[in-house]
Amino acid sequence: MTAERGLTAGLSLRDPRVLLATWFGSGLLPKAPGTWGSLAALPCAWILHQFLGKSGLAVAAVVVFLVGIWCAGYVARQSATEDPGVIVIDEVAGQWLVLIPVDPDIVLYGLGFALFRAADIWKPWPVSWADRTIGGGFGVMLDDVLAAVYAGAVLFGFSLWMG
């Protein structure tokens, strides 16, 4: 079995669009690819936060969002699937957005991870609306960014409450 077994024929991790869309193959791990993508985003966020601060993490999240529109759109078109599970760059952008308001802390990062996964799975309005109605690479990316707003607000409130 190859690492590319979850990809549609014709797609390869050698293609930078596929490599980024799957966040370096983490979207190809078995079961719950979104969870794997969010987990893979955490150490990257920690490093970005340490070296570039909150504003650097914010800029990186925007860059990943924009690149993700292109990559996710390509993989979705090639797969003939609206939002293939192997695409997890949307989880990376969303997870990074959730973590912007807090300092790098293992408890806050763990809570941010759990809150984001819950919001991404539960899909409260307008996340559910975006997921159902907006297509293409932008649609793939947008619902996770909207879920991140919910999770980030709760995480920020928790961090203020904890002092």
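Where does H49 lie? I found H49 in helix 2, helices here being DSSP runs of H or I with at least four residues, numbered from the N terminus.

I note that this is a predicted model, in which local features need pLDDT of at least 70, side-chain atom pairs count only at pLDDT 80 or more, and totals for chains, interfaces and linings use all residues. Residues are numbered from 1 along each chain as its sequence is written, and side-chain values use heavy atoms, with hydrogens and water left out.

**H49.** I looked up its cover: H49 is buried, with a relative accessible area of 6%. Buried means under 20% relative accessible area, exposed over 50%, and partly exposed in between (1.4 Å probe, protein chains only). Setting aside neighbours within four places in sequence, I list L99, I100, V102, D103, P104 and Y109 among the contacts of H49 (contact: heavy atoms within 4.5 Å).

**Core.** I then turned to the largest nonpolar core, which has 46 residues. Such a core is a set of buried Ala, Val, Leu, Ile, Met, Phe, Trp, Tyr and Cys residues joined through side-chain atoms within 4.5 Å. V75, I87, W96 and L99 have the most contacts inside it. Helix 2 gives the most to this core, with 14 residues. Beyond four places in sequence, V75 touches L11, R17, V18, A21, P84, V86 and I87.

**Salt bridges.** I counted six salt bridges, each a side-chain nitrogen of Lys or Arg within 4 Å of a carboxyl oxygen of Asp or Glu. E91, R117, D120, K123 and D143 are linked in a network of them. R117 pairs with D120 at 2.8 Å between the closest N and O atoms; both lie in helix 4, three residues apart, and both are buried. D120 also bridges to K123 at 3.2 Å, and K123 to D143 at 3.1 Å. K123 lies in the loop between helix 4 and helix 5 and D143 in helix 6, so this pair ties together parts 20 residues apart in sequence. D143 is buried, at 2% relative accessible area.

**D90.** I place D90 in helix 3 (residues 89-99).

Terms used:
Helix = DSSP H or I, 4+ residues; strand = E, 2+ residues; numbered from the N terminus.
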